[in-house]
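Work through these exercises with the sequence and the model side by side. Try each task before you read its solution.

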Amino acid sequence: MAAAAAASSWWAGRMSAAFGAPFLWLVCLIYFVQGFRSFVWTAVSYQMKDMMKLSPSTSQFLVSVAYFPWSIKPIYGPEFAGDLQSLSWSSMAVGGIFGSLLGGYALSNLPINVIYIIFSALPLFQLVSCIFVEESPKEFENMVDNIVHDRADDQSIDTAFAGKGSGESFKYEGTRRRKGAHKKNKRRSFAKRYDAHENHNKSISSRPYLSLKSAFFSLCTAFKQPAILRPMAWFFISNAAIPNISTVMFYYQTEVLHLEASFLGTARVIGWFSLMLGTYIYNRYLKHKKLRNILMFAHVGLAIITVLDILLVSQLHIQYGIADKYMVLWGSALADAINQFKMMPFLILSGQLCPPGIEGTLFALFMSINNLSNTLGSFLGAALTSALNISSVQFDNLALGLGVQLIGTLLPIGFLFLIPREVTGLAP
């Protein structure tokens, strides 16, 4: 215990020294709020279903649109070091647990508008916290310091000569002339530095465009490499090929199974704990395995979860004495844990593929590809729901929709040849 505490203290100290306590606090708060969205997400789902009277396909479409901004991260993404991953994921899991625990209770005891107001306080607090994270261009500071220092030297020379008596002025006239020439040279040097400072300001104003242009060409060059393009193509296919009908399942669970909001919140809590458990299992037992095997195992597991949903919708589990709630709980827990087995290799492989110099931008692009593929899968789910005429009162074709989802889940296994054969789940 003492050794673990010492190691944890050393890690925290190293992180604080590298990034600063205000920045680490902001990172933790951002990911905590991201996880705490589950507090308000249940209310959003019920509002679209009960108050706005939206169909499942329309609700699924709106959810897809809401997630689209996460697909353009290279335009605005920050460069995070690898050491921040565990910190950020832990913060998000803690936020998710608290949000899920409180979300169902709040929906049962508070008006929806009050829930929105409570949740909006956290992003506002996050915005205020940004004030305490200082950013300053070091080149500009150094230039200003040099100019001030030179100006102080010039003033000291003027003061020194001003203190000379008038009687000594003729005696040291030659010295004064040399000193005066030196002052003029110093002033010319200062003028040149001032012009350089003005040019530096102009370069700063044009720097965003040049930086964006340079990053774009660097991304294009790096992304054309087969070692990068092929694995990212697999991860894109693996998400986009699976029609996401989670919103439809929410309608079915509330309208047909009559599950309460508090219970659905509990199911999400179990899902967050399963995510943490999945991270532990991966780091403890799976990171030495080949990536192809891990990803195949993940998709087979997701296919089994879909089969459980088919059994739930078909009510075949009732003849074995299994309650609906247990089917939902086990499905939620297993799905989040297995998805983590897929997400962890994606993060590690992305870190391995990023070439030096553009790690942050390229990693943001990888995450955007992942988010975009998830968004497309959600749009595909909305289209499938509409095509099968599934509504808030009509779920006859839901089992068929889940069958299509099952086929989409197994499809990426046939494209695993795009993943390098010898790559394991170990970080570089």
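## Exercise 1: Two loop residues

Glutamine 315 sits in the loop between α13 and α14 (324–353). Helices here are DSSP runs of H or I with at least four residues, strands are runs of E with at least two, and both are numbered from the N terminus. The model is predicted: local features need pLDDT of at least 70, side-chain atom pairs count only at pLDDT 80 or more, and totals for chains, interfaces and linings use all residues. Residues are numbered from 1 along each chain as its sequence is written, and side-chain values use heavy atoms, with hydrogens and water left out.

Task: Find the loop of asparagine 389. Then describe the phi angle and the exposure of glutamine 315 and of asparagine 389.

Solution. 
- Step 1. Asparagine 389 belongs to the loop between α15 (359–387) and α16.
- Step 2. Glutamine 315 has a phi near 60°, a positive value in a residue other than glycine. For asparagine 389, also not a glycine, phi is positive and near 55°.
- Step 3. Use the cut-offs: buried is under 20% relative accessible area, exposed is over 50%, and partly exposed is in between (1.4 Å probe, protein chains only).
- Step 4. Glutamine 315 has 28% relative accessibility, so it counts as partly exposed. Asparagine 389 has a relative accessible area of 58%, so it is exposed.

## Exercise 2: The whole chain

Task: How many helices and strands does the protein have? What share of its residues is buried?

Solution. 
- Step 1. The protein has 16 helices and zero strands.
- Step 2. Of its 428 residues, 39% are buried.
- Step 3. Now take contacts, meaning heavy atoms within 4.5 Å. Among contacts with a separation of 6 or more, 88% join residues 24 or more positions apart.

## Exercise 3: A listed region

Task: Which residues does UniProt list as "transmembrane region", and what does the chain do over residues 114–133 and 398–419?

Solution. 
- Step 1. The unreviewed UniProt entry lists 87–108, 114–133, 233–252, 264–282, 294–316, 361–386 and 398–419. Positions follow the numbering used here, feature names are shortened, and annotations may be inferred rather than shown by experiment.
- Step 2. Residues 114–133 are 80% helix and 0% strand, with end C-alpha atoms 30 Å apart.
- Step 3. Residues 398–419 are 59% helix and 0% strand, with end C-alpha atoms 33 Å apart.

## Exercise 4: A helix pair

Task: How do α13 and α16 cross, and which residues meet?

Solution. 
- Step 1. Two packed helices are described by the angle and the distance between their axes.
- Step 2. The axes of α13 (residues 291–314) and α16 (residues 398–410) come within 9 Å and cross at roughly 175°. Axes are lines fitted to C-alpha atoms, for helices over the stretch in contact, and angles run from 0 to 180 degrees between N-to-C directions.
- Step 3. The pair is therefore roughly antiparallel. That label needs an angle over 145 degrees; under 35 is roughly parallel, 65 to 115 roughly perpendicular, and the rest oblique.
- Step 4. Residues of α13 in the contact include His299, Leu302 and Ala303; those of α16 include Leu398, Ala399 and Leu402.

## Exercise 5: Buried residues

Task: Where is tryptophan 234, and what does it touch? Then do leucine 107.

Solution. 
- Step 1. Tryptophan 234 lies in α10 (residues 226–240). Its relative accessibility is 0%, so it counts as buried.
- Step 2. Leaving out residues up to four places away in sequence, tryptophan 234 touches Leu295, His299, Lys342, Pro412, Phe415, Leu416, Leu418 and Ile419.
- Step 3. Tryptophan 234 and phenylalanine 415 are 181 residues apart along the chain, yet their C-alpha atoms are separated by 6.6 Å.
- Step 4. Leucine 107 is in α6 (residues 84–109). At 18% relative accessibility, leucine 107 counts as buried.
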